[in-house]
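Please open the structure in your viewer and keep the selection tool at hand.

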Amino acid sequence: MNPAIVISASDNVATALESLEPGAVVQAGDVTLTVVDRIPRGHKVALAHIARGDRVVKYGSPIGTASADIAPGAHVHTHNVASTRGRGDLA
Amino acid sequence: MTEREVVSRAAGLPGRTFLGYPRPDGRVGVRNHVLVVPTVICSAVVAERIAASIAPVGAALPHLAGCGQLGPDMTLTHDTLAAYCGHPNVGAVIVVALGCEQVVAQRLADEARRREKPAAVIAIQTEGGTVRATEKGIAVAKEMAAGLAGATRQVCDAASLIVSVKCGGSDYTSGLASNPAVGRVADRLVDAGGAVVLGEIAEIMGAEHLLAARAASSAAATSLLRVVSRVEAEAMALGLDIRGTQPSPGNIRGGLTTIEEKSLGATHKAGERTRLEDVVGYAAPITKRGLTVMDTPGLDVESVTGMVGGGAQVVLFTTGLGTPTGNPIAPVLKITGNSRTAETMADNIDVDVSGVIVNREPLDAAAGRLFDAMVETCSGRPTAAERLGHREFAIYRRNPTF
């Protein structure tokens, strides 16, 4: 089993199928990357540098906007991705 | 028919048929319940006791409404209860009234009779209290159950099915395995002439562009975009971030970061090539073959209640974290793509498709197993939720109680 799966070719994140530890080298789709954070099972890891304000893409569609710069191999979750939908707090 | 007989008879049928109950209105039931409907919360306990006397044929619809409601909420309560009285999974109806409430018992009974089902009304105030109303109800229920016991299942076409697709307790496995497996079943069913209904408008937010692109008409696409915008505006009017309820805390622990991500995984349930034919209101009749989107909230029980009200006879319900929800009259199959949940909540799970992730089971093979399980369920095999007595029912409401 691949430890991380890339769903769509245009995605910039992969989903970890098992927990990944920092320093682990994983093959995710066409990308070989070194994990820099602990990635819990089922969570996402960045495939490339994602700049603050860039779209985070999974399933080939945007799932939100990076709220901080994200390094390749970093954990991608609520701490660095903001939703763009249903944001009454910003209205 | 025993469970073993059902499975062996159903297994001998071609893949597009099942053993059901054809109804005079042209629809087909997959169950044959005596439905015991309280008009109002005040008669719910009596209704539940009457239904329990003929378990598992008896199905009560305990609910919190039926009085103290104005305008749209009152109409929705009435229409939802009437939809269950007319539902093809119901063979006979007992309406249990209090006597002073807003919901009109006779109207519910008339809906059943209009579809040639036996129906009776019992009013607690008229009968003279709980004991007499319950006794009378039990006597009527036993008579109705005996009448239905003679009905035999007949070979029916899968094209007569309206399948509700639903997810709850989602995690990362939902978008990878269980929702795509349900989606392939949806595609196969629609190819065979059947219908699929998807609810949970909040969980389409972020994926509406994909469904709108598959709309059969510009009217259907416009209706979908309009209903998603309305729900988003309602959430935003509260001045809060929807994250925390969409996705839920459990979804977030399970790896889902935003509502967009949850929605993109969730809409896989509706298939990859089904065309969006129609968008309908809560519990409103589903009249088109192909894909219909129903305006329901994401909350599992309210959502399933609405889609079954619309005419769905069976529910395919995916879960990553595990959830027990059933329905009083429709079998709800639980499908998980999470191998741990398949073990830790084995009681609640009907179909395990985690092999798609952990053993490279082809998605088509998993979908084939699921389609077979759905057909066997429609032919009478009880689901985990039915065996465990899960009969959750809740009618959506928008306004205060007065």
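Begin by selecting strand β12 (residues 314–318) of chain B: five of its five residues are buried, so the strand is largely enclosed by the rest of the structure. A residue counts as buried if 20 or more other C-beta atoms, placed from the backbone, lie within 10 Å of its own. Helices (H or I, at least four residues) and strands (E, at least two) are DSSP runs, numbered from the N terminus.

The model is predicted: local features need pLDDT of at least 70 and side-chain atom pairs count only at pLDDT 80 or more, while totals for chains, interfaces and linings use all residues. Residues are numbered from 1 along each chain as its sequence is written, and chains are lettered from A and ligands numbered from 1 in the order in which they are written.

Next, display the side chains of β12(B). B:Val314, B:Leu316 and B:Thr318 point one way, B:Val315 and B:Phe317 the other way, and all are buried. In a regular strand the side chains alternate between the two faces of the sheet.

Strand β8 (residues 162–167) of chain B pairs with β12(B) in the parallel sense over five bridges, and B:Ser164 stands opposite B:Val315. Strand β13 (residues 332–336) of chain B also pairs with β12(B) in the parallel sense, over four bridges; here B:Lys334 stands opposite B:Phe317.

Finally, select the contact between the chains, to which chain B gives 27 residues and chain A 23 residues. Two residues are in contact if their C-beta atoms, placed from the backbone, lie within 7 Å. On the side of chain B that touches chain A, α11(B) provides the largest share, four residues.

Definitions and conventions
Buried ≥ 20, exposed ≤ 12 C-beta atoms within 10 Å, placed from the backbone. Pairing = 2+ DSSP bridges.
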